[in-house]
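This report describes how parts of a protein model meet one another. Look at the structure first, then read on.

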Amino acid sequence: MSKYQMEAAPENCTGCLRCQLACSDLYTKAFNPSAAFLSVELRGPACSIFFTDDCTECGVCADHCFYGALQKTLKEAVQ
Amino acid sequence: MTRGGFAGRVLYVDLTKGTVRTEPLSMDLAEKFIGGFGLTVRLAYDRITPGTDSLAPANPAVIGAGPLVGTNLPSTSRVYAVSKLPSNGTVSWCGAGGVTFGYLFKNAGYDHLVIEGRAERPVYLQIMDDQVEIKDAGFLWGRTVEQTCETLWRDIGRPLGVIAIGQAGENLSAMSLAYVDRIATIGRGGFGAVLGSKNLKAIAVRGTKGIEVADRKAYRRLSGELFKSIREYPYLKEWQRLGLLKSFSQFPVEIYEKIKQRRVACVSCPAGCKDVVQIQDGEFAGLTAYSSSVVNLFTPMLYGFKDYRQSVKLVYDLDGYGLDMFEFFGVMNFALALAEKGLIPRREIDPEIVINSLDSMTAWARKTAYREGLGRVLADGFRGMLAEFGPEAHGSAPSLVKGMHPYVGPGSALTWNLFGTQELGQVMDPRGPHVGAGGSPTYFARRPLEVFPKHLTRMGVPSEALARILPGPAQDQGPRDLKVGRLLKYSHAWFVTLGSMGICARAQINRFYSAELAAELYQAVTGIPTDLPGLRRKVDRVWTLYKMANLREGFDRKIDHLPEQWFQAGGFKNYVTDQPLSREEAEEMINDYYDEWGWDPETGIPSDRQLKNLDLTDL
């Protein structure tokens, strides 16, 4: 069972993709945003952040976010 | 050790023949010229025939992204281009925060793109990993930068990195820029026209291959320390909130907060300096504008615009056409001066030239982008105007450096008057005035000289050079002896270091890096054994080659012209003493600059011995 509950705050996102870079590096040993388990889509003022079904909720994406667009919370704490 | 960082291929496109091919990246060349900026200069040097017209099919447009681009190191997205540009014919570097273009290009499997020839009709280049196509762009020709990018994003989908030109580039204006992802500019001096002369409207790229690093353990350690220092930086949040506006107190923060929609970062950047804003009220309510910084959108207010909404609207239009705002205002002021002297026929002045009027400037932007009426001359920039209006016009020209309007100095957009490396750098960069290479004012302006050694050491200045730049009290010389010319050599070297790796040169970012760290990161990412002395030698090789590319065109010290306006009332001041700068002082700085490089102060030419030491004799 995953440890964290992930939350996205797209209003804070700048599209830097540090989350996708970190995720892909952890799971594929290469920096490849297209292989990440989450996806950021920035269209000017609009932004969407999606987690794929493969996301393990490990929280590495939130660890690398500088803008407060991703947060991880311990599931124990949520419960 | 395994190799990493580099994608490993160069993509060659011949638009005349309609062919594309890839070649393996020469790792010998990559090691010798670092990558990114350095290798782009090297590839361009090989393919430029001296004397080639900037808008001829034979003038190559070479684009590259460094070995750190595509990793998650902070702000490693830079994209560089090298080509001869029409504003002054120099071999010029062009640079941009690569937004998404850099990482997608690298992920498609390429480090560099070499474009030559001229397509028979408008085309765009579509790169989807290994699938590269030259596609018809008839439906994009005549459209703005914004329309072009949005159309490609709609038709092809995202993610998609796009370099595109507007109508100014299509119509070969010397003031045209290209744009990256519609929000960043690349190529002051007419890079848009170079692409336009090739009938190339846009380059669109998507890549999915991934970038590996050679030494993951070292990379984790170094990058972890770097991230920690950024997270702990007390002004990080303020930068993220305001970006460059933090350094421009003349612009109102409360207006920015009112129109701010989103801050945008290039991939991997923790500062996010780009802006999306939307006007909330008035005639232009709902207008959404994109820019490298809101500071650009407010710049017309420095030229007398009273209403920020009109200022944003004008820059929105200029960006749509792909016109360089700084050069546009310089040219319009020149045209106004010529009109007032009767040197431009009255019938040509339609509408009236009113620098702080949106209606007037909008009309002239359009005429320039489309070369309508007098716009056919204005589009060619100062060079074209001086040729058209004859010797009498010279007396009315604003300060010019290598045929372009300096962006810092008396009568320029940025009017601070201390003469530091950025200011001298406008003359000493072979391409002429452009932001970036000469160093940033925000490090130095009015800072006590005591802080200089630490900073200079960080950016790679050897300890023995510190004494030449900052003679201390022990030598019975006061602080007035800051040697701006000598220091500029190392500003250029630091710029090459950052640019060749792919790191952003903005002060907000490069302050977290050092030359020592850059060498360590380069080794960790690429696997190429690198130490600081070795890196310095490569950096010197790159800038020397860039200088040689221009010397080969005949651009020696004779074109290092210092404008007279810089030494008149209201001109530049000595950086330390605040006393008016004299021409003799500035000329001495140029001598110092060449002496520090070891080049002939009379001509600016490196010696044969030096070329041998840098292993450049085969050129």
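## Contacts between and within chains

In this predicted model, 25 residues of chain B are in contact with 23 residues of chain A. On the side of chain B that touches chain A, the elements giving two or more residues are the strands S13 (260–264), S14 (274–278) and S15 (288–291) of chain B. S13(B) supplies the largest share of that side, four residues. By class, that side of chain B holds eight nonpolar, twelve polar and five charged residues.

In soluble globular proteins, nonpolar side chains tend to be buried together. The largest nonpolar core here has 209 residues, and Ile186(B), Ala202(B) and Val542(B) have the most contacts inside it. Helix H21 (residues 484–501) of chain B gives the largest share of this core, ten residues. Which residues does Ala202(B) contact, leaving aside its neighbours within four places in sequence? Among them are Tyr124(B), Ala137(B), Leu140(B) and Val162(B).

H21(B) also meets helix H2 (residues 36–47) of chain B: their axes come within 5 Å and cross at roughly 90°. Angles of 65 to 115 degrees count as roughly perpendicular, and H2(B) and H21(B) are therefore roughly perpendicular to each other. The residues that meet are listed by helix below.

| Helix | Residues in the contact |
|---|---|
| H2(B) | Gly36(B), Phe37(B), Gly38(B) |
| H21(B) | Val496(B), Gly499(B), Ser500(B), Met501(B) |

By class, this contact of H2(B) with H21(B) has three nonpolar, four polar and no charged residues.

Notes:
Residues are numbered from 1 along each chain as its sequence is written. Chains are lettered from A and ligands numbered from 1 in the order in which they are written. This is a predicted model: local features need pLDDT of at least 70, side-chain atom pairs count only at pLDDT 80 or more; totals for chains, interfaces and linings use all residues. A nonpolar core is a set of buried Ala, Val, Leu, Ile, Met, Phe, Trp, Tyr and Cys residues joined through C-beta atoms within 7 Å. A residue is buried if 20 or more other C-beta atoms lie within 10 Å of its own, exposed if 12 or fewer, and partly exposed in between; C-beta atoms are placed from the backbone. Two residues are in contact if their C-beta atoms, placed from the backbone, lie within 7 Å. Ala, Val, Leu, Ile, Met, Phe, Trp, Tyr, Cys and Pro count as nonpolar, Asp, Glu, Lys and Arg as charged, and the others, Gly among them, as polar. Axes are lines fitted to C-alpha atoms, for helices over the stretch in contact, and angles run from 0 to 180 degrees between N-to-C directions. Angles under 35 degrees count as roughly parallel, over 145 as roughly antiparallel, 65 to 115 as roughly perpendicular and the rest as oblique.
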